[in-house]
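Please consult the sequence and structure below while reading.

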Amino acid sequence: MATSLVPRSLFRILYLFPTSPFTLNPQSINPLKFSATRAMSSASTQRLFQLKFDPLTGNSEWVVIEEEVDGVSENTQKPILATTSYLDMLNDATRNRAFREAIDKTISKPCRVLDIGAGTGLLSMMAARAMDSAVGDSKGVVTACESYLPMVKLMKKVLRLNGMERKVKVINKRSDELQFGSDIISRADALVSEILDSELLGEGLIPTLQHAHDKLLVENPLTVPYRATIYGQLVESTYLWKLHDLYNNEAKACDAIHLVPEGMDPIICVRPQQYPMHCDAIAKEVKLLSEPFRVFEFDFWKRPESHAEKELHIKATDGGRVHAVVSWWMLQLDREGTVFYSTAPKWISPPFNIGAGDWCDHWKQCVWFIPDNGVSISKDEQVHICASHDETTFSYHLKAQIPRGEVLQHGDNAENFKLILPPERIAVYGDREWRLAMLTAITNALQGRSPSACMIADDSVFLTLMVACLSKQTLVLSLFPGIRDKGAKYLQAVSYANGISMDSIKVIEKRKSCLTVHDTFEKKVDLLISEPFYYGNDNALPWHNLRFWKERTMLDSVLSDDALIMPSKGILRACFMSLPDLWSSRRRLRTIEGFDHSVTNDTLGACGELPEGQEGPCLAFYIWQCGEYEELSEIFTVMEFDFSKPISPCSGKSQVKVSKAGICHGIALWIDWVMDSKNSIVIYTGPDKRYWKQGVKLLANPVAVGARGSAHGVECCSAVIEASFDPSTGELDVQHSFL
């Protein structure tokens, strides 16, 4: 079972172990990203550390979250793995059943079984049970290899709970660290493993299989899965186009700001990679331009190649613009081809979707963007695509669009100035309504004022350019805490095309807590602005952008007495929601294919049947991509954050009536940003706004609700919600009660 830390986490949970480099994905480690660490354990003590990220400062520190002394573990009830994908995977009944059926068919006699990336040990226990069923008292051996210590601790609890601790040997190592003699005594006859991500390869499948076949497995081993096939489909989609083509989308804006000037098309762009996405959420907007086509096939029972390239000839089934390739994979889990699992979108029909299950968040479809405004094709046209893969990624290029080194008009290589942004930020910057709101707010702020200095507190190159264009006498100071020198190089490249001089823009590299008027060129800041947007915060909870409030406070010494702050305030809003699919993916675990997993619930942050007073964690989601969802109350205000004053603890309380009968699974929370003091310009970021994530607080237990006077006989007609914000941690505590 593969680890997937960070998709929605601001906390990286790592164990410090002797002389080994570490990474967030234990099976596909990248020693270039992380340094080696010293041992932090002894014969009687093991300490689990968490790299805790302070969302209001961007700083991190190590804290002890679990300490084991003489075999007794402390703080074991904390949901330290709530932000991983383990819980969602274990709640995927279709996946679990498919692996169980395939293992029962494949492991039919005693043998040596290796489980790589074993997670809770589910596949290992399935293999041990299959051998027991075949011969009674099995003489086979199951070795579970798992490098992620928190998961190893949890696996041992699961094995003990199910009486399997003597049948499964657990090794706390990566598979390429296994040693013959001490760890394993001979090559394994069978491999059961699930180290797959939405793209298939992203968790190190190819190098893991290569090493396993070279060092750990017999020739022609039994494997579950047996084979994986990648499929793709050409699509036209305005939404997908907006996620990557800033040049053509900003051409429709009315502000005369050129984030991507003509001739500099690649200077702001998304990273050329596949992006996981719940494509069913845009099914009604997608125009299919081809039938599904097979791209690559990987046999787990033989050593895979690191690289491959393939030219595909696809017949267009309709005319339109190819904006993207939507891809998915299908597993054949057994040799005979009777057990399958597919991540295909729901619009796909057999034979390309055999084994497709219900909504889940751990595996999605993938989207590869076709550059610019796509490619126009006609019905029945043969479209030539070059597909390729390396050890961890796939890529697709229409034959006429094979990538090349781009050169800007003035002769410099674009790579030196390129700014890589997330797709949703590209879409925001190309959105006419958003840009008009920002233009109006800044224009109004500048009326009757001639600020000597304006400071951009976040990573917004857009606001930097806009202020420099609208007030050419103002010194624009940009902090760029995330993009830093990349932002400075980008501004140098586009300043001429926007009619501004770099003499009027300064990027300050000094830490904000240390700024003095000397750093602001002896000028007091009259205008402090933020979107807010902080690079690298894509998976953060909405209130983590209150970092702007913290920074506004830290910058107080360089602000003028009448400095204007934009946004002027933030409004925490909420709505009670029906979220059956999301709830199902996060619900409390019981028995999975005959194996009790109840011991994992607290650590994984499961919801449902929680003890009195215990609450589940808040997690960040694009609610519109969470399968079935419905608003059950009006949107209401919980509290406000006044940025004209220094940051301080604050709280709010609100009562709201239920407006629709249904089952309430949770509360959606987000922050709307008021850009001006008149409250007339507001940037909304709620569930109907696709480019922003919302926070979701799943209830301890679902509650049946109904509007007063409805025929459902439901008593819960209103609810009270209370929230408090702690500026020392940046966290929001949310409590609720139904009336």
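Is arginine 590 buried, partly exposed or exposed? With a relative accessible area of 47%, arginine 590 is partly exposed; buried denotes under 20% relative accessible area, exposed over 50%, and partly exposed the range in between (1.4 Å probe, protein chains only).

The model is predicted: local features need pLDDT of at least 70, side-chain atom pairs count only at pLDDT 80 or more, and totals for chains, interfaces and linings use all residues. Residues are numbered from 1 along each chain as its sequence is written, and side-chain values use heavy atoms, with hydrogens and water left out.

A salt bridge is defined as a side-chain nitrogen of Lys or Arg within 4 Å of a carboxyl oxygen of Asp or Glu. By this rule there are 27 salt bridges, including those tabulated here.

| Salt bridge | Closest N to O |
|---|---|
| Glutamate 285 – arginine 690 | 2.3 Å |
| Arginine 590 – glutamate 609 | 2.2 Å |

Arginine 590 occupies the loop between helix H13 (580-586) and strand E30 (591-592), and glutamate 609 the loop between helix H14 (601-604) and strand E32 (618-621), so their pairing ties together parts 19 residues apart in sequence. Helices (H or I, at least four residues) and strands (E, at least two) are DSSP runs, numbered from the N terminus.

Arginine 547 and glutamate 551 are both in helix H12 (residues 547-554), four residues apart, about one turn of the helix. Arginine 547 is buried at 9% relative accessibility, and glutamate 551 is buried at 1%.

Glutamate 285 is partly exposed at 37%, as is arginine 690 at 25%.
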